[in-house]
Amino acid sequence: MQRKILIGVAIVVTVVLLFKFCDFKKSDEEDISYNTNLIQQQIVNVGKLVVTEGHFSEVITYKNQQKYLLDMLSFEKKALVIVNADVTVAYDLHQMKYDIDEKNKKITIVSIPKEEIKISPDIQFYDVEQSKLNPFTGDDYNKINKSVKANLAKKIEKSSLKKNAQNRLISELSKILILTNTMGWKLQYEGKVIESEKDFGEQIKL
């Protein structure tokens with residue numbers, strides 16, 4: 001009789017322990033799922049268009065000369081060109097690719113989209129001088145527009161605009177870093193674990 005009682009108690013204890021183990025597993029799975037949902041939501045919040053704007057101005061003197069009769073006769077055209085350009089450097093973070101490893105609690109940023117530079121010049125012509133034998137044509141305006149954009153591109157490279165855009169990008173990505181750190185997850189990019197904004201700055205190349 002006593003043996004039956006002991007067996008019964010052992011069975012009850014085993015059943016209770018099994019239920020508790022199952023509850024623990026269920027809670028752990030729910031916690032991982034909850035964490036994953038939070039991280040995905042944060043990535044969705046970060047996934048937007050990050051735009052940095054700048055303004056550039058310059059003055060150009062355009063000249064062109066047409067020569068005739070063995071260069072003895074020439075007709076010149078020239079103009080003063082004033083350029084005001086709005087420039088934007090944008091990162092479309094909707095295009096960012098990432099991977100979530102629930103088992104190892106790790107987020108890997110697979111790729112970050114390259115910056116998109118948009119130059120919108122407003123070109124005004126002043127003091128235009130031309131002749132009937134050498135008038136301004138559409139080809140002249142195309143040359144000027146191409147030259148203006150090439151010169152502006154050089155100015156943008158030398159300016160702080162791209163660096164400011166990169167800093168804004170890092171600031172947005174750091175929102176994911178803050179969340180992963182808080183939840184005990186790891187954030188990785190290009191094979192390196194990201195632990196600070198400085199790490200992002202070192203890994204993201206302009």
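Two strands pair if DSSP finds at least two bridges between them. Helices (H or I, at least four residues) and strands (E, at least two) are themselves DSSP runs, numbered from the N terminus. The structure is a predicted model, in which local features need pLDDT of at least 70 and side-chain atom pairs count only at pLDDT 80 or more, while totals for chains, interfaces and linings use all residues. Residues are numbered from 1 along each chain as its sequence is written, and side-chain values use heavy atoms, with hydrogens and water left out.

Strand 3 (residues 97–101) runs antiparallel to strand 4 (residues 106–111), and five bridges join them. Within this pair, aspartate 101 stands opposite lysine 106 in strand 4. The two strands form a hairpin with four residues between them, and in the turn lysine 105 has a positive phi of about 50°. Strand 4 also pairs with strand 6, in the parallel sense and over four bridges. Here lysine 106 stands opposite lysine 186 in strand 6.

Helix 3 comes next. This helix covers residues 161–183, and its 23 residues reach 34 Å from first C-alpha to last, close to the expected 33 Å; the expected span is 1.5 Å times one less than the number of residues. A kink of about 25° is centred on leucine 173, the bend at a residue being the angle between axes fitted to the seven residues ending there and the seven starting there. Glycine 184, with a positive phi near 80°, follows helix 3.

Leucine 173 also belongs to the largest nonpolar core, which has 36 residues; it is among the members that touch the most others, together with Ile109, Ile112, Leu169, Leu187, Phe200 and Ile204. Helix 3 gives the most to this core, with nine residues. Such a core is a set of buried Ala, Val, Leu, Ile, Met, Phe, Trp, Tyr and Cys residues joined through side-chain atoms within 4.5 Å. Buried means under 20% relative accessible area, exposed over 50%, and partly exposed in between (1.4 Å probe, protein chains only).

Asparagine 134 lies in the loop between strand 5 (116–129) and helix 2 (138–158) and counts as buried, at 2% relative accessibility. Glycine 191, in the loop between strand 6 (186–189) and strand 7 (192–194), is exposed, with a relative accessible area of 67%. The C-alpha atom of glycine 191 is separated by 9.7 Å from that of glutamine 203, 12 residues apart along the chain.
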